[in-house]
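This report goes through selected local features of one protein model. The sequence and structure come first, and the notes follow.

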Amino acid sequence: MAVTSPQLTPSEQRPLLAFGPTEPVPIPKRAPDAPKPPFRPVRRPKTDRQGRRISPQFAALQRALETDSSTLTDATEASDPEHIVVFEVVGTVAGFVRATAGIAGLNLVADPVGDGYDPDDDFYYGTTDGGAEDDRVPQTLYLVMANAQAITELIRLFDLYQQHDGSITFDTGLNPLKDVFKLLHTIRRWGPKDRVEETGLLDQWRESIAIRGQAGVERVEIELVWTRTPEARRALRQRVEAAVAAIPNARVVCSASIPAIQYHALLVELPPTHVDRIVNEGPESVELLATEDILFLAPAAPMTIDASTSEPATFATDSQLPTGDPLVALLDGMPLENHDVLKGRLTVHDPEERAANYTPAQCGHGTAMASLIIHGDLSAPREALQTPLYVEPILEPHEFHSHTETTPTDALFVDVLHAAVQRLLGGDNPSAPSVKLINLSIGDPARTFTRRMSPLARLLDHLMVTYNVLVSVSAGNHPPRRQDQPGPHLSASASALADPAKLDAHLRRELRDQSRHRGLLAPAETINGLTAGATTDDHSDVELPDNIIEPIARGAIAAYSPSGFGFRRSPKPDIHLPGGRMAVVQPVADGDATATLEAAAVAASGPGLLVAAPTSTPGTSGAVYSYGTSNAAAMATHHGSRVLDTLLELQAAEEDWDYPDTRFHPVLVKTLMVHATSWPAEATGWATDLGADANHKRRALTQHLGFGVLDPDRLATATTRRATVIGAGELRNGKRRSFRFPLPPSLSPYVGWRRLTVTLAWFSPIAPRTQQYRVAHLEFSSPRDQLRVKPIEVDRHANGNGTVLHEVLEGDRAAGYTADDVLAIDIDCRVRVGKLHDPVRFGVAATLEVGQDVRVDVYQEIRDRLRTQVRAERVRPSARG
C-alpha cells in the first residue's frame with residue numbers, strides 16, 4: 001500500500017543511480033526438475049464423434065460457397081470468389097497460421113478471442129474423479145478468406161483424419177490441422193451479425209434513437225478485410241463503394257489504408273431508413289452487411305468536447321520562459337496562444353490550417369490541456385516546462401455548436417492522427433524530431449474496449465515503436481448520466497446521502513456493478529502507451545453550497561474514470577493522477593427510495609483542476625475549473641516532462657556507472673512513472689466495497705486501481721532511506737540481460753520495515769490481426785529471497801500481461817544476507833507471435849526503501865557498492881593483460 005512521501009527539500013534529495021552495463025546472453029534452458037506451469041486440458045470428443053459433428057457443417061459450408069460462387073462469378077469476374085470462413089476452436093492452435101498457409105485459397109484474416117463456450121458432453125474441463133467442471137471453456141475464432149476449392153481440400157483432409165482415427169501424418173506444415181480437427185467446435189461463414197456484434201454499433205444506435213426519438217443519419221467505420229497488395233485493396237474498396245452506392249441517400253465520405261497496422265476502412269454515411277432497419281429487423285436485413293469484403297462495422301460519430309468560457313483571473317505561475325527544442329507535444333484543439341499562462345511557451349504547427357476556423361472563445365480544450373501540461377493545476381502551479389510545448393491542432397470547432405470542438409468530420413480520425421505523428425517525427429523533414437513524449441487527451445465514446453484492439457490503439461502501439469516516443473493517453477470519461485438519458489445511472493438512497501462514508505462505499509459498489517458499461521475508451525487500451533485514469537483530487541479550496549455534494553471521497557478513484565482490465569486482462573489504466581473533483585446536485589430521496597445523481601456545473605466556482613480558458617469577453621487571463629481523465633493525462637505528461645528533464649540533467653561522476661543514453665529516455669519515462677505509483681492505504685477498505693473476498697482482493701483492486709496512484713514526490717528521486725537504480729537496454733528473442741542490485745551491508749541484521757519495488761517497461765511491436773497481438777514478452781525473475789520480502793499490490797495473474805511488469809514487495813524481518821550479496825534481476829525476452837525484426841527497448845528501475853526505525857543510509861551504501869563494481873570492471877582488463 002502507499003507510503004506517504006513528504007515533499008523533499010533539495011538537501012534531502014539524491015540523484016538516481018545507474019546499473020552497470022550488461023551483455024545479452026541466451027536464456028538458460030529450464031532445468032529438467034524445474035516445476036512446470038500447471039496445465040489444464042479440455043476434454044474433447046473422440047474422432048468418430050467429432051466426424052459426426054463436423055462433417056455436416058463442412059458439407060453445408062461447401063454447398064453455400066458453391067452456390068454463392070456460381071451467383072457471384074459473373075459479377076466479380078473471379079473463377080472462385082473468396083468468402084470469410086470462421087473456424088471456432090476450443091482453446092488455441094499454435095500452428096494454425098502455418099497450416100492454413102499450406103492450403104491454396106486459405107488466408108488468415110484474424111484470430112480474435114471469443115466469449116467461450118458453456119461446457120457440454122463434447123468439450124469440458126474434467127475433474128480428477130472423472131466428472132466435469134462448470135467453468136466455460138475457452139474459444140478462439142480463426143477468420144480465414146477461403147474459396148470453395150480450399151474448403152473441398154479441407155474436407156478431404158478431414159476425411160483422411162477420420163479414417164486414420166487422428167493418427168495420420170499430413171504433408172509438411174499441415175500437421176497442425178490435426179489439432180484444428182480435434183478442437184474444432186464449429187465451422188461457418190462470417191455473417192452480418194458478426195460484423196457488428198463486438199463493435200457496439202447496435203447499442204450505440206439504440207441509445208441515439210432513444211435520445212432523438214427516431215433514427216437519424218449515422219456514420220459508420222467499415223473496416224475491410226486486409227489484403228497485402230495495393231491493387232487488391234483498391235478492388236475491395238471499389239466493391240464496397242459499389243454496395244454503398246446501391247443504397248439510396250448513402251455515401252462514402254472517405255477511405256484510409258495504413259499497411260503497418262493492416263488497416264483498411266471506409267467512412268460511410270447511412271440514411272435513417274437503413275439505420276432503423278438494422279436496429280429493428282437485425283443486421284441480416286441489410287444487404288451491405290452481407291458483403292464478403294467487410295470485416296467490421298463500428299460507430300463513427302465524431303468525438304466532441306464541450307468548452308467553457310470564464311471571467312478574467314490572476315495566476316502566480318513560473319515566469320521563466322522555455323528554451324531549446326521541444327520534448328513534449330500536444331495533439332488536441334487549438335490553444336489560445338496569447339493566454340497569459342501560455343504566451344511564449346508554445347510552438348504551434350498547423351499544416352491543415354485548422355486554427356483559421358477557430359474564434360478565441362472556441363479555443364477551449366487545447367488551452368486547458370496546454371496549461372495543465374506546462375503548469376499543472378493553476379490553483380497550485382508547479383515549475384513550468386523548460387522547453388516549448390509543441391502543438392498541432394487535430395480538432396476543429398463544431399459546425400453548429402459554438403462552444404464544442406470535434407474531430408474532423410470529413411476524415412477517419414485514425415488517419416488524422418497518423419498523419420499528425422508522421423509530420424511530427426517521420427519522413428525526411430520532421431517538424432519536431434526532438435519530441436519524446438506526446439499527450440493525447442482524446443477518447444472515442446463510441447469505442448469501449450472489450451477484447452478487440454481498436455484501430456486507434458493499434459496505430460499508437462505501432463507509432464511508439466517506430467518513432468521511439470511515449471504517448472500519454474486519457475482513459476476516457478463516464479460522467480453520471482442525467483435521469484432523462486438512457487443507460488445505467490448512479491443513484492443513492494436517503495440514508496446513503498446522509499452519510500458521506502456510506503455514500504462513498506455505496507457508489508464504489510454501484511460503479512463495480514456497472515463496470516461492463518464503464519470500460520476504457522479507445523485508444524486507452526494501447527499496450528505501449530501510458531494510460532492515465534483519474535482520482536477525485538485537486539488543489540481547489542472552495543466551499544460547496546448546501547445543495548451540492550462530493551459523492552466520492554477525496555483521493556479515491558473518480559466516479560467518471562473507467563475501470564476494468566486492458567489487453568489480455570493487463571492492468572489498465574496504468575496510473576492514476578488528479579483529474580479534478582466531481583460534484584453532484586444533492587437529490588431528494590425518501591426512505592429506502594433511490595434518487596439519481598447528476599453532475600453539477602462547476603466550471604465557474606469549482607471544485608476541479610483550475611485550467612486556462614478563453615474569456616467570455618475579450619481577454620487573455622481566463623480560467624475555469626474542470627474534471628476528467630483528459631486532465632489526468634495532461635498531468636501525467638507534465639510529470640513525464642519533468643522526468644525527461646531529470647534524465648537529461650543526470651551527469652555520472654567518474655566513479656559511477658554511466659546513465660542510459662537518450663534513445664532510452666521515452667521508455668524510461670514510462671518505467672519511472674509506473675515505478676512511482678502505489679495503492680493508497682485506503683485500498684484495503686475499497687476491496688470490501690468491491691465485494692472481493694480474501695482470495696480475490698488483489699484481483700479486484702488491480703481492476704479498480706491498475707498499478708496505482710502516482711506520487712510525484714517519489715518520481716525520479718531518491719533519499720538517504722530510498723535508493724533508486726535505473727537501467728535500460730535492448731533484447732532480441734531468446735536473450736537475457738542480467739542486472740545486479742547491490743544490497744546495503746548494514747541492513748542485513750536489521751529488523752524493520754523495508755520495501756523493494758522493481759519495474760520493467762518496454763515497447764513491443766504488434767501483430768495487429770492476431771489475438772496474441774503483442775509480439776515481445778519481457779519478464780524478470782522476482783528478486784525477493786535475500787531481503788525476505790513478499791509481494792503485495794498488483795495481482796500476479798495480471799502483472800506483465802501488457803508491456804509493464806511492476807512488483808512491490810515488503811517485509812520487516814532481518815534478512816541475514818552476506819556483505820557482498822546482490823539481487824539478481826534477469827530480464828528475458830520471448831516472442832509470443834510473429835517475428836521480432838528489431839531488438840526491443842526496455843527500461844528497468846529498482847528501489848529499496850527502509851522505514852524511519854531502520855538507521856541505515858541505504859542510498860550511500862548502495863552507491864558505494866556500485867562504485868566498487870565500477871572499480872572492479874576498470875581493473876579487470878589490465879588484470880587479464
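## Backbone with positive phi

This is a predicted model. Tyr773 has a relative accessibility of 1% and is therefore buried, the cut-off being under 20%. The residue sits in the loop between strand S35 (754–762) and strand S36 (776–780). Its phi is positive, about 60 degrees, although Tyr773 is not a glycine.

Gln262 also is not a glycine and has a positive phi, of about 50 degrees. Its loop runs between strand S10 (251–258) and S11. With a relative accessible area of 22%, Gln262 is partly exposed. Most residues other than glycine have a negative phi, and most peptide bonds are trans.

## Cis peptide bonds

Ala522 and Pro523 are joined by a cis peptide bond with omega of about 5 degrees. Pro523 belongs to the loop between strand S23 (521–522) and strand S24 (530–535).

A cis peptide bond also links Gly606 to Pro607, with omega of about 5 degrees. Here the proline, Pro607, is in the loop between strand S28 (594–596) and strand S29 (609–613).

The model contains seven cavities of 30 Å³ or more. The largest cavity holds about 240 Å³ of space. It is lined by 22 residues, and those closest to its centre are Glu221, Ala300, Met303, Phe413 and Asp444.

The lining of this largest cavity comprises 15 nonpolar, three polar and four charged residues. Elements that each supply at least two of the lining residues include strand S9 (218–224), strand S11 (263–270) and helix H10 (413–425). Strand S20 (444–448) and helix H11 (455–467) do likewise.

## Helix H13

Helix H13 covers residues 500–513, 14 residues in total. At 1.5 Å a residue the helix should span 20 Å, and its end C-alpha atoms are 20 Å apart, so the two values agree.

The buried residues of H13 are Leu503, Asp504, Ala505, Leu507, Arg508, Glu510 and Leu511. They pack against strand S22 (491–493), helix H12 (494–497), strand S25 (548–549), helix H16 (683–689) and helix H17 (697–705).

## Val348 and the cysteines

Val348 lies in strand S15 (residues 346–348) and is partly exposed at 26% relative accessibility. Leaving aside residues up to four places away in sequence, Val348 touches Met334, Glu337 and Val391.

Cys363 is buried at 5% relative accessibility, and Cys829 is buried with a relative accessible area of 0%.

Conventions. Residues numbered from 1 in each chain as written. Predicted model: local features only at pLDDT ≥ 70, side-chain atom pairs only at ≥ 80, totals over all residues. Heavy atoms only, no water. Buried < 20%, exposed > 50% of the residue type's maximum accessible area, 1.4 Å probe, protein only. 1 Å grid on protein atoms, 1.4 Å probe; cavity = no way out; pocket = protein on both sides within 12 Å on 5 of 7 lines; lining within 4 Å. Points joined across faces, edges and corners; volume = space filled by probe spheres on them. Helix = DSSP H or I, 4+ residues; strand = E, 2+ residues; numbered from the N terminus. Nonpolar A, V, L, I, M, F, W, Y, C, P; charged D, E, K, R; others polar. Expected span 1.5 Å × (residues − 1). Contact = heavy atoms within 4.5 Å.
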